[in-house]
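Here is a friendly walk through a protein model. Take a moment to look at the sequence and the structure before reading on.

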Amino acid sequence: MKREKGFMDFSLFKKIIDECKKYKNIKIWLQLLGEPLLHPKIIDMIKYAKENNIKEVGVVTNGILLNANLDYLCISVDAFSKKTYEKIRCGGNYEVLIGNIKKLFKVKEEFKKSKPIISLNFVKMEENIDEFEDFIKFWKPYLKGRDFIKAIEFDTWGGKIKDKGINKKNFGKRLPCSWLWYATVILWNGDLVLCCADFDGEMILGNVKKENIETIWNSDKYNDIRLKHLEWEFEKISICKNCQEWKYDYLRSRYENVIRK
(Lines give C-alpha, C1' and ligand atoms only; values in the text may rest on other atoms or scores of the structure.)
Protein backbone atom coordinates (compact mmCIF):
# COMPACT_ATOMS: atom_id res chain seq x y z
CA MET A 1 0.00 0.00 0.00
CA LYS A 2 1.40 3.39 -1.04
CA ARG A 3 -1.24 5.84 0.17
CA GLU A 4 -0.65 7.84 3.34
CA LYS A 5 -1.62 6.19 6.62
CA GLY A 6 -3.57 7.91 9.36
CA PHE A 7 -6.53 7.93 11.74
CA MET A 8 -9.95 9.19 10.71
CA ASP A 9 -10.92 12.34 12.63
CA PHE A 10 -13.72 11.68 15.09
CA SER A 11 -15.57 14.71 13.70
CA LEU A 12 -15.49 13.16 10.22
CA PHE A 13 -16.72 9.83 11.58
CA LYS A 14 -19.65 11.60 13.27
CA LYS A 15 -20.49 13.36 10.00
CA ILE A 16 -20.63 9.99 8.22
CA ILE A 17 -22.88 8.49 10.90
CA ASP A 18 -25.12 11.56 10.94
CA GLU A 19 -25.66 11.20 7.19
CA CYS A 20 -26.41 7.49 7.47
CA LYS A 21 -28.68 7.46 10.50
CA LYS A 22 -31.81 8.51 8.58
CA TYR A 23 -31.75 5.20 6.67
CA LYS A 24 -32.91 1.81 7.91
CA ASN A 25 -30.72 -1.27 8.32
CA ILE A 26 -27.37 0.48 7.83
CA LYS A 27 -24.31 -1.62 8.68
CA ILE A 28 -20.94 -0.02 9.38
CA TRP A 29 -17.68 -1.97 9.27
CA LEU A 30 -14.63 -0.31 10.81
CA GLN A 31 -11.92 -1.84 8.68
CA LEU A 32 -9.73 -1.57 5.59
CA LEU A 33 -6.14 -2.76 5.70
CA GLY A 34 -5.45 -1.31 9.10
CA GLU A 35 -5.99 -2.24 12.75
CA PRO A 36 -9.14 -0.42 13.93
CA LEU A 37 -8.51 -1.16 17.60
CA LEU A 38 -5.43 1.08 17.46
CA HIS A 39 -7.62 4.14 16.86
CA PRO A 40 -7.64 6.23 20.07
CA LYS A 41 -11.36 6.96 19.62
CA ILE A 42 -12.52 3.50 18.57
CA ILE A 43 -14.77 2.95 21.61
CA ASP A 44 -16.32 6.39 21.16
CA MET A 45 -16.89 5.65 17.47
CA ILE A 46 -18.69 2.39 18.19
CA LYS A 47 -20.78 4.04 20.91
CA TYR A 48 -21.72 6.98 18.68
CA ALA A 49 -22.78 4.70 15.83
CA LYS A 50 -24.90 2.51 18.10
CA GLU A 51 -26.59 5.58 19.63
CA ASN A 52 -27.51 6.92 16.21
CA ASN A 53 -29.66 4.29 14.51
CA ILE A 54 -26.86 2.20 12.97
CA LYS A 55 -28.24 -1.33 12.95
CA GLU A 56 -24.92 -3.18 13.23
CA VAL A 57 -21.32 -2.18 13.82
CA GLY A 58 -18.52 -4.60 13.00
CA VAL A 59 -14.75 -4.69 13.25
CA VAL A 60 -12.18 -6.86 11.51
CA THR A 61 -9.08 -7.11 13.69
CA ASN A 62 -5.82 -9.01 13.95
CA GLY A 63 -6.94 -9.97 17.45
CA ILE A 64 -3.97 -8.62 19.37
CA LEU A 65 -6.11 -5.91 21.03
CA LEU A 66 -9.65 -6.87 22.02
CA ASN A 67 -12.03 -4.70 24.06
CA ALA A 68 -15.17 -3.21 22.47
CA ASN A 69 -18.98 -3.24 22.53
CA LEU A 70 -19.76 -4.56 19.04
CA ASP A 71 -22.36 -6.50 17.12
CA TYR A 72 -19.77 -8.41 15.08
CA LEU A 73 -16.10 -9.09 15.70
CA CYS A 74 -14.23 -10.80 12.87
CA ILE A 75 -10.77 -11.99 13.85
CA SER A 76 -8.28 -12.73 11.09
CA VAL A 77 -6.47 -15.90 12.12
CA ASP A 78 -5.80 -17.70 8.81
CA ALA A 79 -3.81 -20.58 10.26
CA PHE A 80 -3.80 -23.41 12.77
CA SER A 81 -0.08 -23.68 13.54
CA LYS A 82 2.25 -21.03 14.93
CA LYS A 83 4.65 -21.48 12.02
CA THR A 84 2.01 -20.92 9.35
CA TYR A 85 0.36 -18.05 11.24
CA GLU A 86 3.60 -16.10 11.62
CA LYS A 87 4.46 -16.71 7.97
CA ILE A 88 1.14 -15.30 6.79
CA ARG A 89 0.59 -12.66 9.48
CA CYS A 90 3.97 -10.94 9.46
CA GLY A 91 4.80 -9.46 12.85
CA GLY A 92 1.89 -11.23 14.55
CA ASN A 93 2.23 -13.01 17.88
CA TYR A 94 0.52 -16.39 17.76
CA GLU A 95 0.46 -17.02 21.51
CA VAL A 96 -1.02 -13.57 22.26
CA LEU A 97 -3.68 -13.99 19.59
CA ILE A 98 -4.80 -17.45 20.72
CA GLY A 99 -4.86 -16.33 24.35
CA ASN A 100 -6.95 -13.26 23.52
CA ILE A 101 -9.48 -15.25 21.51
CA LYS A 102 -9.92 -17.86 24.25
CA LYS A 103 -10.28 -15.09 26.85
CA LEU A 104 -12.92 -13.38 24.73
CA PHE A 105 -14.98 -16.56 24.43
CA LYS A 106 -14.65 -17.13 28.19
CA VAL A 107 -15.77 -13.60 29.07
CA LYS A 108 -18.78 -13.86 26.74
CA GLU A 109 -19.80 -17.11 28.40
CA GLU A 110 -19.23 -15.90 31.96
CA PHE A 111 -21.33 -12.76 31.42
CA LYS A 112 -23.90 -14.64 29.33
CA LYS A 113 -23.48 -12.22 26.43
CA SER A 114 -24.73 -13.01 22.93
CA LYS A 115 -22.64 -10.20 21.40
CA PRO A 116 -20.32 -9.53 19.85
CA ILE A 117 -20.96 -12.35 17.41
CA ILE A 118 -17.46 -13.72 16.85
CA SER A 119 -16.19 -14.83 13.47
CA LEU A 120 -12.84 -16.59 13.20
CA ASN A 121 -11.65 -15.90 9.68
CA PHE A 122 -9.62 -18.29 7.56
CA VAL A 123 -8.58 -17.09 4.09
CA LYS A 124 -7.97 -20.24 2.07
CA MET A 125 -4.63 -20.18 0.26
CA GLU A 126 -1.77 -22.40 -0.77
CA GLU A 127 0.17 -21.80 2.45
CA ASN A 128 -2.55 -22.84 4.88
CA ILE A 129 -5.14 -25.06 3.20
CA ASP A 130 -3.67 -28.26 4.66
CA GLU A 131 -4.46 -26.86 8.15
CA PHE A 132 -8.09 -25.97 7.49
CA GLU A 133 -9.64 -29.12 8.97
CA ASP A 134 -7.44 -28.88 12.08
CA PHE A 135 -8.46 -25.22 12.42
CA ILE A 136 -12.15 -26.19 12.40
CA LYS A 137 -11.70 -29.04 14.90
CA PHE A 138 -9.73 -26.83 17.29
CA TRP A 139 -12.08 -23.82 17.33
CA LYS A 140 -15.50 -25.41 16.85
CA PRO A 141 -15.96 -26.32 20.55
CA TYR A 142 -15.54 -22.64 21.49
CA LEU A 143 -18.43 -21.43 19.32
CA LYS A 144 -21.62 -20.42 21.11
CA GLY A 145 -24.89 -19.04 19.81
CA ARG A 146 -24.29 -17.28 16.49
CA ASP A 147 -20.46 -17.44 16.60
CA PHE A 148 -18.95 -19.03 13.53
CA ILE A 149 -15.85 -19.89 11.52
CA LYS A 150 -15.67 -18.03 8.24
CA ALA A 151 -13.81 -19.62 5.32
CA ILE A 152 -12.93 -16.94 2.78
CA GLU A 153 -11.82 -17.31 -0.82
CA PHE A 154 -8.50 -15.66 -1.64
CA ASP A 155 -8.72 -12.10 -3.05
CA THR A 156 -6.16 -10.70 -5.50
CA TRP A 157 -7.18 -7.10 -4.71
CA GLY A 158 -8.21 -6.24 -8.23
CA GLY A 159 -5.52 -8.45 -9.77
CA LYS A 160 -2.70 -6.54 -8.06
CA ILE A 161 -1.19 -9.49 -6.23
CA LYS A 162 -0.47 -13.07 -7.21
CA ASP A 163 -3.43 -15.41 -6.98
CA LYS A 164 -2.57 -17.90 -4.23
CA GLY A 165 -6.12 -19.15 -3.91
CA ILE A 166 -7.07 -22.79 -4.24
CA ASN A 167 -10.43 -22.38 -6.00
CA LYS A 168 -9.59 -22.89 -9.68
CA LYS A 169 -13.17 -23.53 -10.79
CA ASN A 170 -14.25 -22.10 -14.15
CA PHE A 171 -17.05 -19.69 -13.28
CA GLY A 172 -17.99 -18.93 -16.86
CA LYS A 173 -19.37 -15.56 -17.92
CA ARG A 174 -18.55 -12.65 -15.67
CA LEU A 175 -21.34 -10.93 -13.72
CA PRO A 176 -21.70 -7.23 -12.81
CA CYS A 177 -20.39 -6.65 -9.28
CA SER A 178 -23.14 -6.40 -6.66
CA TRP A 179 -20.88 -4.25 -4.44
CA LEU A 180 -21.76 -1.26 -6.62
CA TRP A 181 -25.35 -1.32 -5.41
CA TYR A 182 -25.10 -2.14 -1.72
CA ALA A 183 -21.75 -1.04 -0.23
CA THR A 184 -19.00 1.52 -0.46
CA VAL A 185 -15.73 2.41 1.27
CA ILE A 186 -14.62 5.63 2.98
CA LEU A 187 -10.90 5.96 3.69
CA TRP A 188 -9.58 7.59 6.85
CA ASN A 189 -9.08 10.95 5.09
CA GLY A 190 -12.66 11.10 3.80
CA ASP A 191 -12.02 9.85 0.26
CA LEU A 192 -14.87 7.63 -0.92
CA VAL A 193 -13.62 4.86 -3.20
CA LEU A 194 -15.33 2.17 -5.21
CA CYS A 195 -14.63 -0.84 -2.98
CA CYS A 196 -12.12 -2.41 -0.59
CA ALA A 197 -10.05 -3.72 -3.52
CA ASP A 198 -8.97 -0.12 -4.16
CA PHE A 199 -6.60 -0.19 -1.19
CA ASP A 200 -4.47 2.68 -2.53
CA GLY A 201 -7.43 4.96 -3.21
CA GLU A 202 -6.77 5.23 -6.95
CA MET A 203 -10.41 5.69 -7.99
CA ILE A 204 -11.74 8.46 -5.78
CA LEU A 205 -15.43 9.20 -6.37
CA GLY A 206 -15.62 12.08 -3.92
CA ASN A 207 -14.65 13.19 -0.44
CA VAL A 208 -17.20 13.14 2.36
CA LYS A 209 -15.57 16.13 4.04
CA LYS A 210 -16.74 18.23 1.08
CA GLU A 211 -19.90 16.39 -0.04
CA ASN A 212 -22.48 14.20 1.60
CA ILE A 213 -22.43 10.44 1.01
CA GLU A 214 -25.80 10.35 -0.76
CA THR A 215 -24.64 12.89 -3.34
CA ILE A 216 -21.53 10.88 -4.16
CA TRP A 217 -23.47 7.58 -4.17
CA ASN A 218 -25.95 8.96 -6.72
CA SER A 219 -23.38 10.89 -8.76
CA ASP A 220 -22.96 10.58 -12.52
CA LYS A 221 -19.45 9.26 -11.92
CA TYR A 222 -20.70 6.40 -9.72
CA ASN A 223 -23.64 5.61 -11.99
CA ASP A 224 -21.39 5.55 -15.04
CA ILE A 225 -19.37 2.76 -13.41
CA ARG A 226 -22.55 0.86 -12.60
CA LEU A 227 -23.69 1.25 -16.21
CA LYS A 228 -20.39 -0.06 -17.53
CA HIS A 229 -20.84 -3.16 -15.38
CA LEU A 230 -24.37 -3.70 -16.64
CA GLU A 231 -23.06 -3.41 -20.20
CA TRP A 232 -20.17 -5.83 -19.49
CA GLU A 233 -17.52 -3.14 -20.12
CA PHE A 234 -15.39 -4.13 -17.14
CA GLU A 235 -12.11 -3.50 -18.97
CA LYS A 236 -12.90 0.22 -19.09
CA ILE A 237 -12.61 0.49 -15.29
CA SER A 238 -9.04 0.14 -14.05
CA ILE A 239 -9.84 -1.27 -10.60
CA CYS A 240 -12.42 -3.71 -12.03
CA LYS A 241 -10.51 -4.89 -15.09
CA ASN A 242 -8.65 -7.76 -13.43
CA CYS A 243 -10.81 -8.19 -10.33
CA GLN A 244 -11.80 -11.73 -9.29
CA GLU A 245 -14.47 -10.72 -6.77
CA TRP A 246 -17.29 -11.19 -9.29
CA LYS A 247 -16.79 -14.96 -9.21
CA TYR A 248 -18.20 -15.20 -5.73
CA ASP A 249 -21.53 -13.64 -6.65
CA TYR A 250 -22.22 -17.04 -8.18
CA LEU A 251 -21.75 -18.45 -4.67
CA ARG A 252 -23.78 -15.55 -3.18
CA SER A 253 -20.65 -14.46 -1.31
CA ARG A 254 -16.95 -15.03 -0.83
CA TYR A 255 -17.93 -15.86 2.73
CA GLU A 256 -20.57 -18.48 2.00
CA ASN A 257 -18.67 -21.32 3.60
CA VAL A 258 -19.42 -20.85 7.31
CA ILE A 259 -19.16 -23.41 10.08
CA ARG A 260 -21.30 -23.03 13.18
CA LYS A 261 -21.43 -25.17 16.30
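This is a predicted model: local features need pLDDT of at least 70, side-chain atom pairs count only at pLDDT 80 or more; totals for chains, interfaces and linings use all residues.

Residues are numbered from 1 along each chain as its sequence is written, and side-chain values use heavy atoms, with hydrogens and water left out.

Let us begin with charges. Side chains of opposite charge can pair when their charged atoms come close. A salt bridge here is a side-chain nitrogen of Lys or Arg within 4 Å of a carboxyl oxygen of Asp or Glu, and the whole structure has 16 of them. In one, Lys27 pairs with Glu56, with 3.6 Å between the closest N and O atoms. Lys27 belongs to strand E1 (residues 27-30) and Glu56 to strand E2 (residues 56-61), so this pair ties together parts that are 29 residues apart in sequence. Strands (E, at least two residues) and helices (H or I, at least four) are DSSP runs, numbered from the N terminus.

How covered are these two partners? Buried means under 20% relative accessible area, exposed over 50%, and partly exposed in between (1.4 Å probe, protein chains only). Lys27 is partly exposed at 49%, whereas Glu56 is buried at 13%.

Lys228 and Asp224 meet at 2.6 Å, N to O, and both lie in helix H8 (residues 220-230), four residues apart, about one turn of the helix. With a relative accessibility of 18%, Lys228 counts as buried, while Asp224, at 35%, counts as partly exposed.

Now turn to strand E3 (residues 72-76), where you will find Ile75. Ile75 is buried, with a relative accessible area of 0%. The C-alpha atoms of Ile75 and Ile101 are 8.4 Å apart, although 26 residues separate the two along the chain.

What about enclosed space? A cavity is a set of points, on a 1 Å grid over the protein atoms alone, where a 1.4 Å probe fits but cannot get out, and its lining residues have an atom within 4 Å of a point. The largest cavity is lined by 15 residues, and Cys177, Trp179, Cys195, Cys243 and Glu245 lie nearest its centre. Helices H6 and H9 (238-241) each supply at least two residues of this lining.

Finally, Trp181 sits in helix H6 (residues 179-182) and counts as partly exposed, at 40% relative accessibility.

Definitions and conventions: On a 1 Å grid over the protein atoms alone, a cavity is a set of points where a 1.4 Å probe fits but cannot get out, and a pocket is an open set with protein on both sides within 12 Å along at least five of seven lines; lining residues have an atom within 4 Å of a point.
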